[in-house]
Amino acid sequence: LTSIVLDTEENSKTEVSFFVSPNPVDETITFEYSPSILQDYNKLEIEIYNIFSQRITTIPLVEEKTRFDSSRFSNGVYFARLNSEKKTIAITKIIVK
């Protein structure tokens with residue numbers, strides 16, 4: 001599933017790649033981003049929201065690949081926001097089945 005990239009600043013030299021797999025997900029989500037993103041951003045985190053825009057959880061990203069146990073999520077559609085300390089970089093949809 002492709003992410004919507006929100007950072008389009010001219011000063012940014014970073015190509016933002018942000019992936020969620022598998023999607024749809026059963027129990028474990030893997031978030032992955034390109035290492036070059038750390039050139040322009042630091043303190044990355046993922047915020048998961050439900051369809052009512054309620055934040056469900058925040059996941060700090062300390063590695064290029066982060067696995068997260070989503071088994072406590074109800075079936076449905078969620079949104080993952082990739083954030084740096086000051087801005088939202090990308091958004092993607094997650095389907096939990």
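How many aromatic pairs does the structure hold? The structure holds three. This is a predicted model, in which local features need pLDDT of at least 70, side-chain atom pairs count only at pLDDT 80 or more, and totals for chains, interfaces and linings use all residues. Residues are numbered from 1 along each chain as its sequence is written, and side-chain values use heavy atoms, with hydrogens and water left out.

**View 1. The largest nonpolar core has 22 residues.** A nonpolar core is a set of buried Ala, Val, Leu, Ile, Met, Phe, Trp, Tyr and Cys residues joined through side-chain atoms within 4.5 Å. Phe18, Phe31, Leu44, Ile46, Ile48, Leu82 and Ile94 touch the most other members. Strand β8 gives the largest share, four residues. Strands (E, at least two residues) are DSSP runs, numbered from the N terminus.

**View 2. Ring pairs join Phe68, Phe73 and Tyr78 in a cluster.** Rings of Phe, Tyr and Trp (its six-membered ring) pair if their centres lie within 6.5 Å; planes under 30 degrees apart count as stacked, over 60 as edge-to-face and the rest as tilted. Phe68 and Phe73 make a tilted pair, 5.8 Å centre to centre with 50° between the planes. Phe68 is buried, at 15% relative accessible area. Phe73 is buried too, at 8%.

**View 3. Asn75 sits in the loop between β6 (65-69) and β7.** Asn75 is exposed, at 62% relative accessible area. The cut-offs are under 20% for buried, over 50% for exposed and partly exposed in between (1.4 Å probe, protein chains only). Leaving out residues up to four places away in sequence, Asn75 touches Val96 and Lys97; contact means heavy atoms within 4.5 Å.
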